[in-house]
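Open the model in your viewer and keep the selection panel at hand. The stops below say what to select next and what is there.

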Amino acid sequence: MPDELILNKEHLTSFLRKIAREHRLIAPVKNRYGDTLFEEVSCLDDISLDLESRPAMPPTHFLLPQDETLFRYKREDGQYYFSEVLPEVSTVLFGLRSCDLWAIFLLDMVFEQDFKDPFYLNRRSNTILINNPCLEPMKNCFCKSAGSGPFLTEGYDLQFTDLGDRFLVEIGRPKGKALVEKWDYFFVPATNKDKNKQYEAILEAESRFQQVVDLNTASLRFINNEVDETLWEELATRCQGCGACTYVCPTCHCFNIADRPISETEGERIRTKDSCALPGFTRLAGGHNPRQKRSQRIRRRFYHKLAFAKEKYHRSSCVGCGRCVEVCFGHVDMIRVVETICEKAEKRSSAASLQLGEILVNTGLISSEELKTALEKQATTGKPLGTQFIDDGLLTRDEIGRALWHQMNIPSTAETAD
Amino acid sequence: MHRVLTTCCFCACGCNLYLEVEDGKVVGVIPSKQHPIARGNLCVKGWNIFEFVHHKDRLRYPLIRKNGRLEEANWEDALGLIARRLSEIKEKHGPESLGVFSSAKCTNEENYLLMKFTRTVLKTNNIDHCARLCHSPSVIGLGNAFGSSAMTNSIAELAGAEVILVTGSNTTEQHPQIARFIFDALERKAKLIVVDPRRIALSKVANVYLQPRLGTDIIWLNGMMKIIMEEGLHDDSFVSMRTENFQAFTKHLEQFDLEQVESICGIPLEGLRQAARMYASVKRAVIIYSMGITQHVSGTDNVQSIANLAMLTGHVEQEFTGVGPLRGQNNVQGACDMGALPTTLSGYQNVADAGVRKKFERVWKCELPVAPGMTGTDMVHGALDKKIRAMFIMGENPVLSHPDVKTTRNAIERLDFLAVSDIFLTETAELADVVLPAASFAEKDGTFTSTERRVQRVRQAIPPIGSCKADWQIICELSSRMAYLMDYESPAEIMEEIAMLTPIYGGIYHGRLENRWGLFWPCPSRDHPGTPFLHKGSFARGKGHFECVDYRPPAEIPDDEYPFYLTTGRIYQHWHTGSISRRITMLSRDEPDAFVEMNPVDGRRLGVRDGKPVRVISRRGEITVGARLTEAVPEKMVFIPFHFHEAPANILTHDKCDPIARIPEFKVCAVRLEKVQ
Amino acid sequence: MKDSAQTLVRDTAANVYQPYPASILEVKEETGDIKTFTLKFKDKEIQEGFTFRPGQFVLASLFNCGEAAFSICSSPTFSDYLQLSIKKVGLLTGEIHRYAEGDEIGLRGPYGNGFPLELLYGSNVLFVGGGIGLAPLRSLIQYLLSKRSEFGQITIFHGARTPGDIVFEKDLATWDKQEDVNVETTVYRSTPEWKGNVGPLTSLWEKATISPSNTKAIICGHPAIISYVFFDLLKMGFAEENIISTLERNMKCGVGKCGHCSIGSKLTCIHGPVFTYREMKELSSVS
């Protein structure tokens, strides 16, 4: 069987119906309220497949559910028992987009390396990925800038390109091939004409992006420490800490682990989607929080997407799907932040005095009035802010050191607790 | 896995979200992208809403107190006991000895039924709910001024406003979706004025931020109006054509001395001038307010004053303008609409009106009580001196939510009989003689009415857990046992009766809510499209009414012994008394403990460092909480959220009420702080 | 779920999140709020197969209470048990303080990088442990002492708030008896009975001769205290890479997935918790 085939659009439903009979089929469906979501489809008759809009939640939602049981436990006669629960279901994800597929590749790396995560990997190895590249980028899409779309040359199990009345079907991996071979009667070999048509569609789609987002420059600025740190303070006035940017992000995978009691004798250990935007994410048992301020948490999210991933995986972990752009309450989104980082670099030093002052105010050592006075004085004396406080007899060197230490994230003991 | 679209049960924004259901369990949540308020996002509470539904602590079977302890019982016995005790007490002490708390967390249908049960079966008008503690001054104040107490405009219209004045509302934390529309407006170069004693998040993006002292709102409001009059920025034609009592009002305002503004409320006159000009000089300006305005002994006057300001500048009766009281609970608007109030039947139809009573009596087939009922705060006081002897409380937790916890608890304990229906064993339920396990929002059908008067469907996602029953079923069964048959098949059938008796809900049927994002009341008939903004062309009451309002200081102000102002309120992660939100892992992880916000300068004076415990003492009691040093509060003022049962802020508050609305002054009292060694 | 002939691929990876039951053999009260728990896996094979490096940590599960990370405070040379010293600071630690001999907990691990033993061979080693910070150091101290001849001079400084807060008193005494080990303990606030040193940890410098050029300093303790230790060591002339400490972060999964302990481009549970001062300085700038 050749690696490039044609599926007449009229046969799509029949093909999916066959799949749905043997696998859990997940596809983008527009529901009666007008929302398009990846849904479990068991009957193809009364649903409307929607390959035009971006499903609200990414498909990674199915590989890494919001809430998942890691194991069950019970206590009987003082003994503590654990029992395993592993997800086992064969799934076909249809109607994926290149950006979302890239996100899955990134998650594969996270969950493969160091220690293997059995839950993700089990789902993943039982999942077949069918990509539907976008021919029409949406308003806030920038997969082209992110290097994750709109078309893929590898990674998918199958790729369906819309050629009007038919799909050009490319076989990527054995699992995709097996699927096509099983129901080979739906397919005919593709011709050169079909392939040319796909090529035209690619060119066309690539020319239609409204957003050009320079993730690469932003990543480098971050890594080279050239980002204006006052940016995060400004964003913090608009961020409301809902966590949605991470919940809708296809590459975000952080989770919390906790016990969920079922009764006095048993319960389950669960993991729940977590977010670095939330204040409790980094808080330690004793109460100390290395990322106490919202601005630090916003910075962390963008640092992770742009610099962390760049250093670790040699690409940013933003795939340009545009979801976070559309849900933020205060317009703190990847497009704007990248633009600002690229515009506003190298204004770091002016912020240093302000930062010290703010730390001192926050720890209650000085009032904001005193800070204002000191800043005014500093403007004439030219002394560093800390020295100004010491000279004015407001603070001792020790007090400043201690306050700074508490705010910095360097130290400390090996004990961590709940 | 399948998904069920429903309405969020936290705040009154009314977001629609999908509950993800797998094997009969709610396992996740997704916001609706198309929903005009949710727009693909939820606040942190919404995103984690699914977890409490199956919590271990959910009540799963009825409880009856035996030998002082609550013990497992069956429905038959529990309902039988409630029916018997309520009847006995009614017989012996008269219907006026019975009191009912309805719930702004429950559906419209349930509120309607409980209100009907109270009036037809218990034969009393003693029914109230937590609106008493949040927006009763709006019900009265805006009712007097405009003829309707609801938000005059829809939430989405905010984005089209030119100036938004936010006062007494920490919008980003309490109504995140509404804040989102404010941010949208700012994107379109709208101007924002924030007036709040706390330096709330919105103040940082405001064009003008004014920081008044607690409880001095009438001063700056009157000041602002005086400036507007002086500078001729008022809307003459609007005032003369659409309002009444303006002459008396201007005369009254003339006596107001602008010089006192700064000395009493601490706002520099120049700032106030700037705000006044900003607000008055545009066409489309909105005022958003919430508990910071209402929870005062002068709550009703505060609201009236806000209405005066809006009318003076002609900022009502059109799109993108108006006055928006932001309601707190998911269905507090609906609970008011449904007549879970001592003086009105559903749709604000007055009990005192014989014609109204006759209409209801014809359908309900029984005679209705005439005497006005007692308010919630008065019922609690009534329990203290045995005027109230038995109560039925549906989904409320007054022991924590009412002011002066010690007195409230004492009052509830003095009742001869208490029945509570709730989803968790709340602090109030712990005191009950009978506790009924209610179904949560995920387990029942019905409707909620959001703060913008949008009536939306609540859809059942899973069957009730354990032996729980939806409150509407509980009321039906209880009523039928008390010789008044209620045999509704479904909430949809109840809504049909509501529509029949309630003009503003006249065209609202479950079927009509299905394929759109709800309907705005007033919606008088089946073919009516609903009303996104009120008072179009004329006020609901005819002409807008100017009321002359004078400043009255708070009931308790700091002195040498109790030198700090205390104000109470909510935080982003938690919901009211925390019975739901504190059982959600992520939310309690983020905000595990009670705290007191205090200015770093005060912290330094007291020798208290961030995170260290402080004792907060008022004339009523004391609590110990961790200090949170922040410049969000000015010196000599502290803020404590009231969600935490182990350190209940309401031990400290007093129960002095607004004389008309009977709302307690949660927002101001005097305390002393002590460092805990 | 489909019940078709579709064969499912079962990834053979074991469930890394699932702990193994372990019994508490002994509970020793160190101070008012610190207890040392001696633990043994119930499964003999698991106990025998459990090897670790000093400085590594385990995740301990408590029934209905969740899980938290604790560094192992016993030496890997004792292969039939392991010990955790736990200070009461939160819910889980509060709960484990109610546990007694014979009770069971769950354990998984070891995780983290541990101390860089290879760097220590042939060097003098200075240990500075403030309060409970002595716990992870104890594991390493015991290990080094079991191979005493392979290391140079060993100096141990321990600082506690009050004499009642001194941890591992017996161990400190035993080590002190050894001629080739210098042990100094100091308290910040004294009591009438206390005859030893009084003052902060940094007041102990004069009690020993430390040569910055061929000594590795291993430091663990509360941030506010060890900041001064770092400061003094750098002043003495220690190279930044010869100062070794551990970083405290909120660790949830221990296996590099959950993201909680990330700092800069590192994950504390995988690349840490042991870092040199130089590494820490770089990380702190990116948080």
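Select residues 217–230 of chain B, helix α8, and residues 299–312 of chain B, helix α14. Their axes come within 9 Å and cross at roughly 15 degrees. Axes here are lines fitted to C-alpha atoms, for helices over the stretch in contact, and angles run from 0 to 180 degrees between N-to-C directions. Helices (H or I, at least four residues) and strands (E, at least two) are DSSP runs, numbered from the N terminus. The crossing angle makes α8(B) roughly parallel to α14(B), a term for angles under 35 degrees. The crossing of α8(B) past α14(B) is left-handed: the near helix is turned anticlockwise from the far one by less than a right angle.

This is a predicted model: local features need pLDDT of at least 70, side-chain atom pairs count only at pLDDT 80 or more, and totals for chains, interfaces and linings use all residues. Residues are numbered from 1 along each chain as its sequence is written, and chains are lettered from A and ligands numbered from 1 in the order in which they are written.

Now show side chains. On α8(B), the contact residues include B:L221, B:M225 and B:I228. On α14(B), look for B:I306, B:L309 and B:L312, among others. Contact means C-beta atoms, placed from the backbone, within 7 Å. The residues of this contact divide into 8 nonpolar, 4 polar and 2 charged. Ala, Val, Leu, Ile, Met, Phe, Trp, Tyr, Cys and Pro count as nonpolar, Asp, Glu, Lys and Arg as charged, and the others, Gly among them, as polar.

Stay on chain B. Color domain 1 (2–54) and domain 4 (564–675); such bounds come from an automatic or database domain assignment. Their centres, taken over C-alpha atoms, are 30 Å apart. Here 6 residues of domain 1 of chain B contact 10 of domain 4 of chain B.

Move to chain A. Select domain 1 (4–67 + 81–206) and domain 2 (215–257 + 273–343). Between them, 23 residues of domain 1 of chain A contact 19 of domain 2 of chain A. Which helix gives the largest share of the domain 1 side? It is α3(A), with 8 residues. By class, that side has 15 nonpolar, 6 polar and 2 charged residues.

Technical notes:
Contact = placed C-beta atoms within 7 Å. Parallel < 35°, antiparallel > 145°, perpendicular 65-115°, else oblique.
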